[in-house]
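Subject: Structure for your review

Dear colleague,

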Amino acid sequence: MGLENYFSLWANRRWNVAYTNLFLFSGFYVLGSMAVGLLLAILIDQRVRAESVWRTIFLYPLAVSFIVTGTVWSWLYNPSSGIELLVRNLGWSNFSFALASDRQYAIYAVIITGVWQSSGFAMALFLAGLRSVDGDIIKAAQIDGASTFRTYRRVILPVIAPIFLAVAVVQIQFAIKTFDLVAALTRGGPGISTTFPAIYVYDLMFQRGQIGEGAAAAMMMLVALAVVLVPYSLFVVWRRRREGQNG
Amino acid sequence: MADLALAQALDPEAAVAGRRRLMARVLIYGILGLFALVYIVPLLVVVMNSFRDQPEIARNGLISLPQSFGLDAWWSAWDSYCIGGNCEGMKRYFFNSLWMTIPATLISTMLGAMNGYVLSKWRFRGSEILFTCMLLGVFMPGQISLMPWAFILGKLGLSNSVVGLVVVHCVQGLSFTTLFCRNYYISVPDDLIKAARIDGAGFWRIFWKIILPLSPPILIVTVIWQFTGIWNEYLFGVVFTSGSQQPITAALVALTAGGTTASAYDVMSAAVLIGALPPLLVYFLGGKYFVRGLTQGAIK
């Protein structure tokens with residue numbers, strides 16, 4: 001009884017790898033998918049032709065499971081069949097691209113695949129936000145002679161700031177729960193290099209039968225979620241109240 | 001056209017502006033096209049490889065234009081490929097997933113609609129607190145509920161069965177379905193309900209005659225959300241079932257993990273597509289509703 005499970009958890013090297021990975025992954029994954037999503041949303045917002053076709057292309061990965069995405073990308077990362085072979089066949093015969101099988105860089109393979117899967121989601125939310133911006137203030141900025149870039153940076157993006165926060169919170173939440181993607185893409189390897197908290201919990205509980213320590217790890221996941229979500233929901237409630245008073 | 005060219009020739013400033021606008025257009029479509037390529041290529045690679053011969057894939061790699069065409073990989077993946085010593089292909093797992101997803105989707109949507117109805121139109125002391133507690137389920141990681149579910153499924157005698165997964169997904173999905181429906185029903189005017197009550201309509205009558213006929217938009221969103229979510233779910237599938245009871249996601253991982261057959265890319269591509277097709281179909285048919293669910297689930 002007591003806190004033993006938690007002590008042994010934090011003393012475990014594999015758990016340390018897992019939560020270091022979580023921080024690294026969350027950072028790059030959230031920033032990456034938001035950056036790509038915002039870029040795509042702004043481009044689509046320039047009255048492009050066949051808008052729904054572009055949107056359909058960027059969003060379809062969300063309909064597919066992480067298992068499918070992870071499996072397919074693991075083939076693409078595989079040096080003897082995927083991208084490396086493609087480039088070598090094109091004539092660059094000593095090109096090397098073994099991201100997913102390198103201990104040091106495998107985590108970046110997970111990040112790239114994660115961004116690929118979910119930047120469409122950020123795009124959809126950003127696009128909805130861009131469309132909700134009052135057309136008059138955009139016109140006013142244009143009449144004042146502001147360039148498109150400046151209009152976005154100074155007028156439109158500040159208006160949709162709350163969406164940035166919402167997207168970030170949702171993505172961090174996905175990152176903390178990341179399990180399927182890693183299970184299909186790298187299975188936590190090579191070695192233990194892409195272990196994530198969710199993978200660790202599963203391994204401890206159902207592969208090794210260390211239920212106590214596994215439960216402790218699951219509780220740490222919950223704590224991580226709470227650290228992100230509790231302040232965010234308080235902020236949302238606060239903002240709604242304030243808007244209620246002003247309106 | 002001639003007039004325009006003439007006007008531009010006469011007005012160098014307009015010509016410069018026109019050229020700049022053209023450049024901007026080229027840039028916009030160029031970047032969009034590049035990203036579209038990155039998004040499309042993985043799907044294209046899998047589709048093409050499912051029709052290519054394995055020897056050709058081994059020779060030219062996964063990413064190359066097909067030089068052969070055949071449907072053998074599809075038949076093999078569906079009917080006869082061996083997964084963990086069981087040589088029946090994907091069909092069993094496909095139907096496991098189907099018989100898991102359809103009932104779980106319908107039941108959790110129905111219960112969510114009733115929950116939403118009660119929580120928005122028949123409020124009682126503590127109903128807001130109850131709703132907040134249910135919302136926690138939206139954020140709870142699946143790992144937290146693994147042990148309790150294992151215990152409950154064991155007690156019910158539903159361990160390692162598709163029915164057990166249906167039960168798990170019905171309950172796990174309740175948070176989302178309740179959230180969707182409650183937020184939708186809250187915009188149904190209370191006066192409508194009051195008028196119906198004065199006319200003598202009761203709890204069920206109001207639900208069937210007033211609430212449900214107003215519900216199709218939100219029910220479609222909820223059904224699509226639940227269907228794709230449950231079909232694509234992996235954690236519960238792999239923890240609570242094994243062997244022939246597994247849903248297709250778990251079978252796919254088992255299939256591609258099989259060391260000896262790891263290079264049968266043609267069959268594995270077809271198998272992956274079999275696993276991805278139902279949610280993709282739902283997405284292409286109901287894309288608008290899919291996106292609506294996505295944004296609602298995220299922002300609320």
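Two residues are said to be in contact if their C-beta atoms, placed from the backbone, lie within 7 Å. The model is a predicted one, and the contacts described here should be read with that in mind.

**Domains of chain B**

The domain assignment divides chain B into domain 1 (2-80) and domain 2 (91-299). The C-alpha centres of these two domains of chain B are 35 Å apart. Where they meet, 16 residues of domain 1 of chain B are in contact with 12 residues of domain 2 of chain B. On the domain 1 side, the elements that give two or more residues are H2, helix H3 (54-60) and helix H4 (72-80) of chain B. H4(B) provides the largest share of that side, with 6 residues. By class, the domain 1 side has 9 nonpolar, 4 polar and 3 charged residues.

**Contact between the chains**

The contact between chain A and chain B takes 53 residues from chain A and 43 residues from chain B. On the chain B side, two or more residues come from each of several helices, among them helix H2 (12-49), helix H11 (216-232) and helix H14 (265-285) of chain B. The largest share of this side is that of H2(B), with 9 residues. The side of chain B that touches chain A comprises 33 nonpolar and 10 polar residues, and no charged ones.

**One helix pair across the chains**

Two packed helices are described by the angle between their axes and the distance between the axes. The axes of helix H4 (residues 66-77) of chain A and H14(B) come within 10 Å and cross at roughly 155 degrees. Angles over 145 degrees count as roughly antiparallel, and H4(A) and H14(B) are therefore roughly antiparallel to each other. The crossing of H4(A) with H14(B) is left-handed. H4(A) contributes A:Val68, A:Thr71, A:Val72 and A:Trp75 to the contact, while H14(B) contributes B:Tyr265, B:Val272, B:Gly275 and B:Ala276. The residues of this contact are 6 nonpolar and 2 polar, with no charged ones.

**Confidence**

The predictor gives the complex an ipTM of 0.85 and a pTM of 0.87. Chain B has a mean pLDDT of 85, and 93% of its residues reach 70 or more. Within chain B, confidence is lowest in helix H1 (residues 2-10), at a mean of 57, and highest in helix H5 (residues 91-121), at 93.

Yours sincerely

Methods. Residues are numbered from 1 along each chain as its sequence is written. Chains are lettered from A and ligands numbered from 1 in the order in which they are written. This is a predicted model: local features need pLDDT of at least 70, side-chain atom pairs count only at pLDDT 80 or more; totals for chains, interfaces and linings use all residues. Helices (H or I, at least four residues) and strands (E, at least two) are DSSP runs, numbered from the N terminus. Ala, Val, Leu, Ile, Met, Phe, Trp, Tyr, Cys and Pro count as nonpolar, Asp, Glu, Lys and Arg as charged, and the others, Gly among them, as polar. Domain bounds come from an automatic or database domain assignment. Axes are lines fitted to C-alpha atoms, for helices over the stretch in contact, and angles run from 0 to 180 degrees between N-to-C directions. Angles under 35 degrees count as roughly parallel, over 145 as roughly antiparallel, 65 to 115 as roughly perpendicular and the rest as oblique. A crossing is left-handed if the near helix is turned anticlockwise from the far one by less than a right angle, and right-handed if clockwise. pLDDT is the predictor's confidence in each residue, from 0 to 100.
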